[in-house]
Amino acid sequence: MSDVQAPRIDGERQWQSHMEMAKIGATPGGGVCRLSLSDEDKISRDLFVSWAKKAGCHVRVDRVGNIFMRRLGAELDLPPVMTGSHLDTQPLGGRFDGAYGVLAGLEVVRALNDAHIRTRHPLEIVIWTDEEGCRFTTKTMGSAVFAGLRPEADVLDGVDPDGIRFGDELVRIGYAGPEPCGGFPIKAYFENHIEQGPILENEGLPVGVVLGAQGQRAFQITVTGEEGHAGTLPMNLRKDAFLGAARMADALNAVAFNHEPWPVITVGHVRVRPNSRNTIPGQTVFTIDSRHPDADTLAAVKAEMIAVCEGIAANMGLELDVLETNYSAVATFDAELVQSIREAAARWDLPCRDMFSGAGHDACKIAEVAPTAMIFVPCKDGVSHTEREDATPEDLAAGTQILAQVMLDAAEAV
Ligand SMILES: [Zn+2]
């Protein structure tokens, strides 16, 4: 542990900034819609960058739109101590998922500025592009390219359901930067995030020390049958692609209960073609999201899921095409950084517990290339990816106070 106590962060200032950010893309139900590379994404990026510049940060943007905002260190060439998250949201998302992590980083910089504390290593706040993955092909795109886990060209050439290309949208909103993506060392990466689950709230704890995250495999399944007239084609002659997909969804749900502890399996997005009231569906495309903390179990679940879909397709005379759209390995965070979070929590008298993340995060990708750890704070009723998502200013401030301490410890006050 370092000798230097971090300055007390300003929880009220952080909350004000947070609520101002939440106005961008605000939905009638109290949530936020800032789809990746939309106008709202651009406006939120512009606002954050203006705040970071005001706090004295130097701004760089890379070729996939990741934004790096650096508070210089006393020694210019040292690798940065980095923190950040994302500003994009689900279509009916909440105010805190992602936004909290970048705003926590900003509050740390502001608090250090106020206290005139300099560090040996630079500090860097990062906004990763397209964490949510609900508009283009998959999630955590910016951080995955940074970590060398996805080719830059793949991401730039991805298209949304309207056929709009990722790379073109990036240019349109003004965030196709000149910097190569990745390729520089990071001393330590921290990410603050709401838990998105019920554990901390149930136990009345303000802080979770995250040890790692479960692995995830995601698929796009295309079921092809034959279109036909809803009034004239007898039931026994039909090849109904939606009915096949519906039976697969039910069977996939059952697969989850074949394993102990349960994996989580979700069919969340369905597209029916031609999607007409009186035409038998000729094609249905749906997504599967599967997750488990053990890599072997996750692989067994994959094999079982494909087998049940193949069985149903064969029975119904349907064609099946399976595309794996995302694989995120089980993430294990850096033991030293995890310990530094526990020590900072003790120092600031904030009760905490160790835990695993059920959700994937940018931090899981960065863990592949830099020492990484995450700090969780509670969210109301454990809900996220909904307009109802909520968190208290006090809990957010507690998480940020710990972030300030661990960043200062890692960056070394001078
Ligand atoms: Zn998030």
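**Close-up views of a predicted model**

**Figure 1. Asp 77 in its loop.** Asp 77 lies in the loop between strand S2 (67-71) and strand S3. The model shown here and in the other views is predicted. With a relative accessible area of 78%, Asp 77 is exposed, because a residue counts as exposed when this value is over 50%. Asp 77 and Arg 120 are 43 residues apart in sequence, and their C-alpha atoms are 9.8 Å apart in space.

Figure 2. Three residues coordinate the zinc ion: His 86 and His 193, each through NE2, and Asp 97 through OD, at 2.0 to 2.2 Å. Along the chain, the donors follow the spacing H-x10-D-x95-H. The pair His 86 and His 193 links distant parts of the chain, 107 residues apart. His 86 belongs to the loop between strand S3 (81-85) and helix H3 (99-114), whereas His 193 belongs to strand S5 (residues 188-194). His 86 has a relative accessibility of 0% and therefore counts as buried. His 193 is also buried, with a relative accessible area of 1%.

**Figure 3. The surroundings of His 361.** His 361 is located in the loop between strand S15 (352-357) and helix H11 (362-366). Its relative accessibility is 2%, so His 361 counts as buried. The side chain of His 361 makes a polar contact of 3.3 Å with the side chain of Ser 357. When residues up to four places away in sequence are not counted, His 361 touches Glu 131, Thr 140, Glu 191, His 193, Gln 196, Met 374 and Phe 376. One of these, His 193, is a donor of the zinc ion.

**Figure 4. The nonpolar cores.** The largest nonpolar core has 92 residues, of which Phe 48, Met 69, Phe 190 and Ile 402 touch the most other members. Helix H12 (residues 393-411) gives the most to this core, with 11 residues. Ile 402 touches Val 207, Ile 341, Ala 344, Ala 345, Leu 350 and Ile 375, leaving aside residues up to four places away in sequence. A second, separate core has 19 residues, including Ala 245, Met 248, Ala 256 and Ile 265.

**Figure 5. The meeting of two domains.** The chain is divided into domain 1 (11-214 + 330-411) and domain 2 (215-328). Their centres, taken over C-alpha atoms, are separated by 33 Å. Where they meet, 10 residues of domain 1 are in contact with 11 residues of domain 2. The two domains bury about 810 Å² between them, and 43% of this area is on carbon and sulfur atoms. In domain 1, Lys 139, Gln 214 and Val 330 lose the most area to domain 2, together 61% of what that side buries.

**Figure 6. Two cis peptide bonds.** Glu 260 and Pro 261 are joined by a cis peptide bond with omega of about -5°. Pro 261 lies in the loop between helix H8 (241-256) and strand S9 (264-266). The peptide bond from Arg 273 to Pro 274 is cis as well, with omega near 5°. Pro 274 is found in the loop between strand S10 (270-273) and strand S11 (279-280).

Figure 7. Leu 37 is not a glycine, although its phi is positive, at about 65°. This residue is in the loop between helix H1 (11-22) and helix H2 (39-54). Leu 37 counts as buried, at 0% relative accessibility. His 116, also a residue other than glycine, has a positive phi near 55°. His 116 is placed in the loop between H3 and strand S4 (123-127). Its relative accessible area is 71%, so His 116 is exposed.

Technical notes: Residues numbered from 1 in each chain as written. Predicted model: local features only at pLDDT ≥ 70, side-chain atom pairs only at ≥ 80, totals over all residues. Heavy atoms only, no water. Core = buried A, V, L, I, M, F, W, Y, C linked by side-chain atoms within 4.5 Å. Buried < 20%, exposed > 50% of the residue type's maximum accessible area, 1.4 Å probe, protein only. Helix = DSSP H or I, 4+ residues; strand = E, 2+ residues; numbered from the N terminus. Contact = heavy atoms within 4.5 Å. Polar contact = N/O pair within 3.5 Å; in protein donor to acceptor, adjacent residues only side chain to side chain. Donors = N, O, S within 2.8 Å, 3.2 Å for Na, K, Ca; no water. Domains from an automatic or database assignment. Buried area = accessible area lost by both parts, 1.4 Å probe.
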